[in-house]
Amino acid sequence: MNANARTHRISAPQLLMLLFLSRMFSVLNISPVFGTLQSGMTLLLGTLISFFLQCAFLFPLWLLSRRYPGKTLIGCAGDAGGEWLKKGAALLFLLMFFIQICGSLSAFSFFMTAIVFPKASSILLLIPFFLVLILCVRWGLESFSRAAAIFFWLFLLSTASICLCAIPNTDLLNITPLPTQGAFGGIFSAALGEISKNGELYCLLLLYPSLRTPQKAVHSGFWFLLLTCVFMLVTQTVILSVLSDFGMEQTYPYYALASVVDLSVLQRLDSFHMSLWIVCAFFRSLLYVFLFKKCLGTFVIKKKARAVLFYSLAVLLFFGSVFLADHPQVVRALNTSTAIVPTLLAFVFPLVLFILLKRKEKRNETNSPQKTHGALMGADR
Amino acid sequence: MKPIRRKRRMVLLWALTVSLLFSCTGCLSSTPLSRQSIVQAIGIDYENGAYTLSFQIFSPSESGGSNIGASADNAKQITSTGKTVSEAMANSVLVQGKRMFTGQNRVIVIGKAAAEQGLLSALGYFGGDPSTSRNAQVLFSQTTASEILGAKGNQGILPAEMLEQIAENAGQHGKIPNAKLFEVLKAADEDDKGILLPVIAQIPQDSQSESSAEQIDPVSAVHLTQAAAFTKDGFFCGIFDEEESRGALWLLNDMHHTKLTISVPKQYTAALELYEVNTTLSPILEEDNISFHLTISCRASLTETVLMDSSAAHLTEDIAARAQALIADECDAAWTRASALSTDLFRLKDHIMQKDTARYEQIKSMFDETLSDCLLTTSVTVTIDRYGKEYLPFS
């Protein structure tokens, strides 16, 4: 691997921190406005179980990253099923990322207009955010991964300070126990809800060739899931023990917690924490826009044509975000807790591709013993 | 990186930075500080079918100088009226032309008439407003809130700050339970338990002083001596006196440090400072009835002992025994009062739910009415293991 290739790759810890910050936005942004939230022990157990379920999603990643470290999921689709499967997969991911980006930007706008600038127009909030987003995407994965590594520690520090300051107000009596009926259904529903919000699982499948050591993608994935689980368990326990079920009924439960904790003369720390949450929103949107652009490269090879297509679609993205920002009922309708999409994209589809690729290799070995599976390897970034 | 490409990126970066300066996000709806009134305390009253809000706002111009002096009167009071609290808040701009900034609000005082309309009707607006501080202390006035906010201290600090500190100190020193706004909203939202709010009242002024030269201005014109009980629906239902208020603190596990005075006529008077308190309230769920057991263990420092006509022998044990009895009496007084009001003020349902959720589901709708049938047993342990600066040779 030459020096130039290395400079466009990121390390496993950088990937972990980037995915974590991206995931954090959907965690911090949970709101009863967009879907029913569980509470009490149901929520905590659901979070724990979702961690174990999501670990299973790493299996296809482990298979692909070990065997085909140089190819993304879309590249593997091309090798397995030809051009039509490659473009079909790219189109599917494009559509997913389009919806995710619009959803993330509208969620950001909704948060800002609910808490920070109640009278501001959502367009005026989204314009500067979007412009910076487009600019930063041009600078590439390595640039914003490095930035994520800095904000990751600031974010952890901020969260730790909230939790520590909240300790005097905690009372375990506030955590409601499991209900006598329907407990398992509630826990499973909470677990599926967590999985449905974890789009980073299939982002991992598109990003692992960008690692300096792609075989470490599973390590990054596992630590990402573990860190997210621990973060959620700790913060949810604090929220529930301070605010009880009342906290989960607030428009933004995490914000509600930050608004009631103070440390001596340091009050209204929520304004400081909000700035870091905006950074999380930025990294999430940035990651998705970057991958959106990558998927476009499947259809248009020429750089200038790809740029034109990307900027044209970016305008659509912007207006889609503005529309959703002003119609929260549509967001609620699109918001699903069934986990079908992550299961298909992050587990079923990659597993099927791996099986197809293995069968193709065997066929090739049978027909031509000199060809090895290495013929299917190749850089695809 | 090629110089042309680097130059293009720098131009883009500068263009973006400059364009961000023109972002209208903050400018369109911004209000300069000079057009805002910094609200320190809010009083909520209800009369003639409308809510009257009294705002105590920080007004440094009242000092008459450019500096805020220690003895300056830095606050002024403004009132506005509306059919709801939201309307009264909106109408406050019409009264004095400045937008009310409630982000620094320290205290909310609810008058009796407003409390009788329900806590949520009075406080719901402040729970939903993102700029209002949810850590404001909530107090109850048996008369009107406006007269409490109009009371002045002579120490130069803002009355709102004084009210806040009085309420906090009363809770921290084990006198009267206190409640912050988010705790009141949480209790009102949960809909199955009541809440206690500290009662603030004006200290009766002594009108017997002979000359103004002898008159010393009081530090504070208000005090807390009681707690007001509110039902699970948020309606005022009764008053807890000082003994009952302390008992409520024990039962709520909100007693952390406090002082006890043990006075035996003609024998001794002793003061204990309880510096470590552990309280556990456990439900005992039998088939036919529910009772509760309160376990209190304290460590105390004997800070003062005045012997009259008594021997020092075995005094420590006697003081500890009397302290234990005193604490048990306070708890019983609070329990009896809550039973008489038929209101779960001590989160008893939460204790039952933690222990046996199925039993909780059975009893939750009728529990308040059957509260008087629930018994409370207490076991109190007070261990005196510190003696302050002066140690008498107790044996």
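Q: How many residues of chain B are in contact with chain A?
A: In this predicted model, 31 residues of chain B are in contact with 37 residues of chain A.

Q: And what area do they bury between them?
A: Chain B and chain A bury about 2900 Å², with 59% of it on carbon and sulfur atoms.

Q: Which side chains meet in a salt bridge there?
A: The rule finds one salt bridge across that interface, and R347(B) and D171(A) make it, at 3.2 Å from N to O. Which elements of chain B touch chain A? Those giving two or more residues are α1 (3–21), α7 (181–190), α10 (348–355) and α11 (357–363).

Q: How do the residues on that side of chain B divide?
A: They are 11 nonpolar, 12 polar and eight charged.

Q: Switching topic: what domains is chain B divided into?
A: Domain 1 covers 32–240 and domain 2 covers 242–395. Between them they bury about 1800 Å², 53% of it on carbon and sulfur atoms.

Q: Which three residues supply more of domain 1's buried area than any other three?
A: D192(B), K193(B) and F240(B), which supply 33% of the area that domain 1 buries against domain 2.

Q: What does the side chain of K193(B) meet in a salt bridge?
A: The side chain of D350(B), at 3.3 Å from N to O.

Q: Nice, and which element gives the most to domain 1's side?
A: That is β8(B), with five residues.

Note on methods: Residues numbered from 1 in each chain as written. Chains lettered and ligands numbered in written order. Predicted model: local features only at pLDDT ≥ 70, side-chain atom pairs only at ≥ 80, totals over all residues. Heavy atoms only, no water. Contact = heavy atoms within 4.5 Å. Buried area = accessible area lost by both parts, 1.4 Å probe. Salt bridge = Lys/Arg side-chain N within 4 Å of Asp/Glu carboxyl O. Helix = DSSP H or I, 4+ residues; strand = E, 2+ residues; numbered from the N terminus. Nonpolar A, V, L, I, M, F, W, Y, C, P; charged D, E, K, R; others polar. Domains from an automatic or database assignment.
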